[in-house]
Amino acid sequence: MTPGGKDSGFRADKAVMSAIRHFPRFELTIRRMIKTNNAFQEVCEELAEAECALSRADSLPAPLRDLRREEWEEMVNRLVGEVWEEIRRDAVSRGISMP
């Protein structure tokens, strides 16, 4: 699929929803940043993909299940932190005080 096609729109929607699940208070900021900040969009897409993989971890064979679940949980946590840092950075650049 070419950039801007149906597939990229679907990925962006999943990315937005994933970020909003973690930071519902910042929904408008997330929606704006997804459209204007490619790096932010990529992090949100990675987060959505990691959450999807984590949701499928229970279907893996027993020897891999716990290891993969732990890997994906760590990745989700790291990416949630990156999303938060981007939101915070955006607020600071706009002169908005953030915790």
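Two residues are in contact when heavy atoms of one lie within 4.5 Å of heavy atoms of the other. This briefing covers a predicted model, in which the mean pLDDT of the protein is 89.

**Confidence**

- Of the residues of the protein, 89% reach a pLDDT of 70 or more.
- Helix H2, residues 27-36, has the highest mean pLDDT among the elements, at 96.
- Helix H1, residues 6-22, has the lowest mean among the elements, at 84.
- Over residues 1-5 the pLDDT stays under 50, and the model has four contacts for this stretch beyond four places in sequence.
- Where pLDDT is low, the predicted coordinates should not be read in detail.

**Aromatic rings**

- A search of the whole structure gives two aromatic pairs.
- Phenylalanine 23 has 13% relative accessibility and counts as buried because the cut-off is under 20%.
- Tryptophan 84 has a relative accessible area of 22%, and is partly exposed.
- Phenylalanine 26 and tryptophan 84 form an edge-to-face pair, with 5.5 Å from centre to centre and 65 degrees between the planes.
- That pair also links distant parts of the chain, with phenylalanine 26 in the loop between H1 and H2 and tryptophan 84 in helix H4, 58 residues apart.
- Phenylalanine 26 counts as buried, at 14% relative accessibility.
- Through these ring pairs, Phe23, Phe26 and Trp84 are linked into a cluster.

- The buried residues of H4 are Val76, Leu79, Val80, Val83, Glu86, Ile87, Asp90 and Ala91.
- An α-helix has 3.6 residues a turn, so residues three or four places apart point the same way.
- Glutamate 86 lies in H4 and counts as buried, at 19% relative accessibility.
- The side chains of glutamate 86 and arginine 89 are joined by a polar contact of 2.6 Å.
- Beyond its neighbours within four places in sequence, glutamate 86 is in contact with Met33, Asn37 and Phe40.

**Largest nonpolar core**

- The largest nonpolar core has 21 residues. Those that touch the most other members are Phe23, Ile30, Ile34, Phe40, Cys44, Val83 and Ile87.
- Helices H1, H2, H3 (38-55) and H4 are the elements that give two or more residues to this core.
- H4 gives the most to this core, with six residues.
- Isoleucine 30 touches Val16, Ala19, Ile20, Phe23, Phe40 and Ile87, leaving out residues up to four places away in sequence.
- In soluble globular proteins, nonpolar side chains tend to be buried together.

Terms used:
Residues are numbered from 1 along each chain as its sequence is written. This is a predicted model: local features need pLDDT of at least 70, side-chain atom pairs count only at pLDDT 80 or more; totals for chains, interfaces and linings use all residues. Side-chain values use heavy atoms; hydrogens and water are left out. pLDDT is the predictor's confidence in each residue, from 0 to 100. Helices (H or I, at least four residues) and strands (E, at least two) are DSSP runs, numbered from the N terminus. Rings of Phe, Tyr and Trp (its six-membered ring) pair if their centres lie within 6.5 Å; planes under 30 degrees apart count as stacked, over 60 as edge-to-face and the rest as tilted. Buried means under 20% relative accessible area, exposed over 50%, partly exposed in between (1.4 Å probe, protein chains only). A polar contact is a pair of N or O atoms within 3.5 Å; within protein, one must be able to donate a hydrogen and the other to accept it, and residues adjacent in sequence count only if both atoms are side-chain atoms. A nonpolar core is a set of buried Ala, Val, Leu, Ile, Met, Phe, Trp, Tyr and Cys residues joined through side-chain atoms within 4.5 Å.
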